[in-house]
Amino acid sequence: MTGRQALMAAEMVYALTNEKGRTRAERADDRYYQGIRETAYAPFLKLADRLANISYSCSRSNESNEHMRQVYRSEWPHFLESITSDKTGLCHTLPKEMIDEIENMILSR
């Protein structure tokens, strides 16, 4: 990995690191989402992370996973809006296929 690639990876990790807080809302506040939108590839990485979490929650049928599926469903409109950047270019684009897959999982049940 080059120094530039390492710095880019570190910036993405930093952007996806939650704020301190006792609740989901406190940990993922406006400042948190602003950092994601402004960091190259961070919106895609956050969407991939959410897709993995939703996939896991939908693949198991127990109370905890059903609860998280409902949380993801209720958060979805705000989450998608919050990670959608107004910047152009591939490094800030969210793949429609991933969005469709998430919506299929959380909205179809």
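At what angle do α3 and α4 pack, and how far apart are their axes? The angle is about 115 degrees and the axes lie 6 Å apart, with axes taken as lines fitted to C-alpha atoms, for helices over the stretch in contact, and angles running from 0 to 180 degrees between N-to-C directions. The model is a predicted one, where local features need pLDDT of at least 70 and side-chain atom pairs count only at pLDDT 80 or more, while totals for chains, interfaces and linings use all residues. Residues are numbered from 1 along each chain as its sequence is written, and side-chain values use heavy atoms, with hydrogens and water left out. Helices here are DSSP runs (H or I, at least four residues; strands would be E, at least two), numbered from the N terminus.

On the α3 side the contact (heavy atoms within 4.5 Å) is made by Tyr32, Ile36 and Arg37, and on the α4 side by Ala42, Pro43 and Lys46. By class that comes to four nonpolar, no polar and two charged residues; Ala, Val, Leu, Ile, Met, Phe, Trp, Tyr, Cys and Pro count as nonpolar, Asp, Glu, Lys and Arg as charged, and the others, Gly among them, as polar. The loop between α3 (30-38) and α4 (42-59) holds Tyr41. Its phi is near 70 degrees, a positive value in a residue other than glycine. Most residues other than glycine have a negative phi. Tyr41 is partly exposed, at 33% relative accessible area (buried is under 20%, exposed over 50%, partly exposed in between, with a 1.4 Å probe and protein chains only).

Ser82 sits in helix α5 and is buried, because its relative accessible area is 8%. Beyond its neighbours within four places in sequence, Ser82 is in contact with Tyr33 and Arg37. Ser85 is found in the loop between α5 and α6 (96-107), and counts as buried too, at 13% relative accessibility. With neighbours within four places again set aside, Ser85 touches Arg37 and His92. The Ser85 side chain reaches the backbone oxygen of Arg37 at 3.3 Å, and a polar atom of that side chain lies 3.0 Å from the backbone nitrogen of Lys87.

Then there are the pockets. A pocket is an open set of points on a 1 Å grid over the protein atoms alone, where a 1.4 Å probe fits, with protein on both sides within 12 Å along at least five of seven lines; lining residues have an atom within 4 Å of a point. Points are joined across faces, edges and corners, and a volume is the space filled by probe spheres set on them. The largest pocket has a volume of about 290 Å³. It is lined by 16 residues, and Arg24, Ala28, Tyr33, Arg50 and Glu75 are the closest to its centre. Two or more lining residues come from each of α2 (24-27), α3, α4 and α5 (63-83), with the largest share, five residues, from α5. The lining divides into seven nonpolar, three polar and six charged residues.

The second largest pocket takes in about 150 Å³. Its lining consists of Tyr14, Ala15, Thr17, Asn18, Glu19, Arg31, Tyr32 and Gly35. Here α1 (3-15) and α3 are the elements giving two or more residues, and α3 gives the most, with three. By class, this lining has three nonpolar, three polar and two charged residues.

Definitions and conventions. Polar contact = N/O pair within 3.5 Å; in protein donor to acceptor, adjacent residues only side chain to side chain.
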